[in-house]
Amino acid sequence: MKPEVLLLEPMMAPFEERLEALYTVHRLYDPAQVSSIETALPNIRGVVTGGGTGISNEWIEKLPALGVISVNGVGTDKVDLPFARSRGIDVAITAGVLTDDVADIGIALMLAVLRHVPRGDAYVRGGQWGNEPFPLGTSPTGKRVGILGLGQIGKAFARRAEAFGMQVRYWNRSPVADTPWKSCASPVELAADSDVLCVAIAASAATSKVVDSDVLRALGSKGVVINIARGTVIDEDALLAALNDESIAGAGLDVFVNEPNIREEFFTAPNTVLMPHQGSATIETRLAMGEMVLANLAAHFGGETPATTVN
């Protein structure tokens with residue numbers, strides 16, 4: 001008999017087909033399966049979910065046989081890791097495979113803000129070229145970039161920034177060994193010593209709104225914020241206020257609180273480039289992530305601890 005798993009959000013079709021071949025799959029997002037899932041709750045041994053979706057403790061408590069949560073992503077802020085461990089549940093992520101693409105979207109956002117790419121596109125399409133002046137951009141060369149959270153994604157962004165001639169400094173919650181970059185004592189100190197602040201820190205209760213009004217004030221009127229972490233790590237009230245009163249120069253944002261239902265004030269915020277949480281959204285990376293999701297399930301049901309278990 002095939003093990004039963006609960007799928008909380010859709011995956012790419014080839015991976016859903018492979019899941020179906022190996023497991024009895026219950027789809028929580030399918031209204032037609034509500035009653036059958038209720039019946040299957042005692043038998044469900046695995047969960048597949050996304051980093052932005054996670055799974056609540058309430059749902060974990062409904063699944064007495066649950067042994068593994070395979071997250072299609074690296075974010076675990078929507079999973080209570082200690083609670084899962086207290087119930088003997090492995091929480092495994094797709095570590096490593098999305099690092100480069102998330103860093104790339106950060107660089108793309110930085111350049112788009114500094115060089116006014118969306119504004120330039122609208123300017124050309126609107127027939128303004130030759131009729132109205134277009135503002136000068138800002139070069140990244142020689143600028144200071146501060147990395148808030150020097151994990152794998154933060155390091156990948158920093159290496160890319162160096163290729164543009166930028167000077168790297170960072171703040172991290174724990175010491176980082178073997179790095180040539182300058183360490184700052186606090187997020188405020190980092191912001192004060194940066195022209196661009198790249199937010200790549202893991203989201204948790206401890207990092208909620210770590211980028212607050214003090215950090216933004218320290219960044220200053222020529223500073224730019226790039227967020228490729230989670231929306232919750234920035235105080236959105238403070239960010240919108242700083243953008244609108246021009247106490248910072250701009251922002252490039254891939255993540256938001258309550259996405260996709262984000263605050264409408266972002267639509268009119270000046271010098272702001274918005275993306276719909278596309279950090280890992282390339283064909284190549286999503287294929288690699290799907291393979292890891294399946295590998296983590298296979299390891300668990302083969303009697304092993306998945307290699308990327310984080311709790």
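Close-up 1. Cys198 is buried, with a relative accessible area of 0%; here buried means under 20% relative accessible area, exposed over 50%, and partly exposed in between, using a 1.4 Å probe and protein chains only. This is a predicted model, in which local features need pLDDT of at least 70 and side-chain atom pairs count only at pLDDT 80 or more, while totals for chains, interfaces and linings use all residues. Residues are numbered from 1 along each chain as its sequence is written, and side-chain values use heavy atoms, with hydrogens and water left out. How many disulfides does the structure hold? The count is zero, where a disulfide is a pair of cysteine sulfur atoms within 2.5 Å. Cys184 is in no disulfide, and the nearest cysteine sulfur to it, that of Cys198, is 14 Å away. Seen from the other end, the closest cysteine sulfur to that of Cys198 is in Cys184, and 14 Å is too far for a bond. Cys184 also counts as buried, at 5% relative accessibility.

Close-up 2. Helix H1 spans residues 13-22, and its buried residues are Phe15, Glu16 and Leu19. Helices (H or I, at least four residues) and strands (E, at least two) are DSSP runs, numbered from the N terminus. As a reminder, an α-helix has 3.6 residues a turn, so residues three or four places apart point the same way. The face of H1 turned away from its buried side carries the exposed residues Glu17 and Ala21. What covers the buried residues includes strand E1 (4-7), strand E2 (24-27) and helix H12 (283-301). Contact, here and below, means heavy atoms within 4.5 Å.

Close-up 3. The strands run in the order E2-E1-E3-E4-E5, with parallel pairing, in an open sheet; two strands pair if DSSP finds at least two bridges between them. E2 and strand E5 (90-92) stand at the edges, each with a single partner strand, so one side of each is left without a neighbour in the sheet. Neighbouring strands are turned by 20 degrees against each other on average, direction ignored. Axes are lines fitted to C-alpha atoms, for helices over the stretch in contact, and angles run from 0 to 180 degrees between N-to-C directions. Look next at strand E4 (residues 68-72), which pairs with E5 in the parallel sense over three bridges. Which residue of E5 is the bridge partner of Val68? That partner is Asp90. H1 packs on the sheet by touching E1 and E2, and its direction makes about 125 degrees with that of E2. H12 packs on the sheet too, touching E1, strand E3 (44-50), E4 and E5, with its direction at about 170 degrees to that of E4.

**Close-up 4. Asn72 and its surroundings.** Asn72 lies in strand E4 and counts as buried, at 18% relative accessibility. Leaving aside neighbours within four places in sequence, Asn72 is in contact with Met11, Thr49, Gly50, Gly51, Thr94, Met289, Gly290 and Val293.

**Close-up 5. Arg144 on strand E6.** Arg144 lies in strand E6 (residues 144-148) and is partly exposed, at 23% relative accessibility. Its C-alpha atom is separated by 5.7 Å from that of Met166, 22 residues apart along the chain. Beyond neighbours within four places in sequence, the residues in contact with Arg144 include Gln167, Arg169, Ala192 and Val196. Which residue's side chain makes a polar contact with the side chain of Arg144? The partner is Asp193, at 3.3 Å. A polar contact is a pair of N or O atoms within 3.5 Å; within protein, one must be able to donate a hydrogen and the other to accept it, and residues adjacent in sequence count only if both atoms are side-chain atoms.

**Close-up 6. Backbone details in two loops.** A cis peptide bond joins Glu259 and Pro260, with omega about 5 degrees. Pro260 sits in the loop between strand E11 (250-253) and helix H11 (265-268), and Asn258 is found in the loop between E11 and H11. Phi of Asn258 is near 60 degrees, a positive value in a residue other than glycine, and Asn258 is exposed, with a relative accessible area of 59%. Asn271 lies in the loop between H11 and strand E12 (272-274). Phi of Asn271 is positive, near 45 degrees, and Asn271 counts as partly exposed, at 31% relative accessibility.
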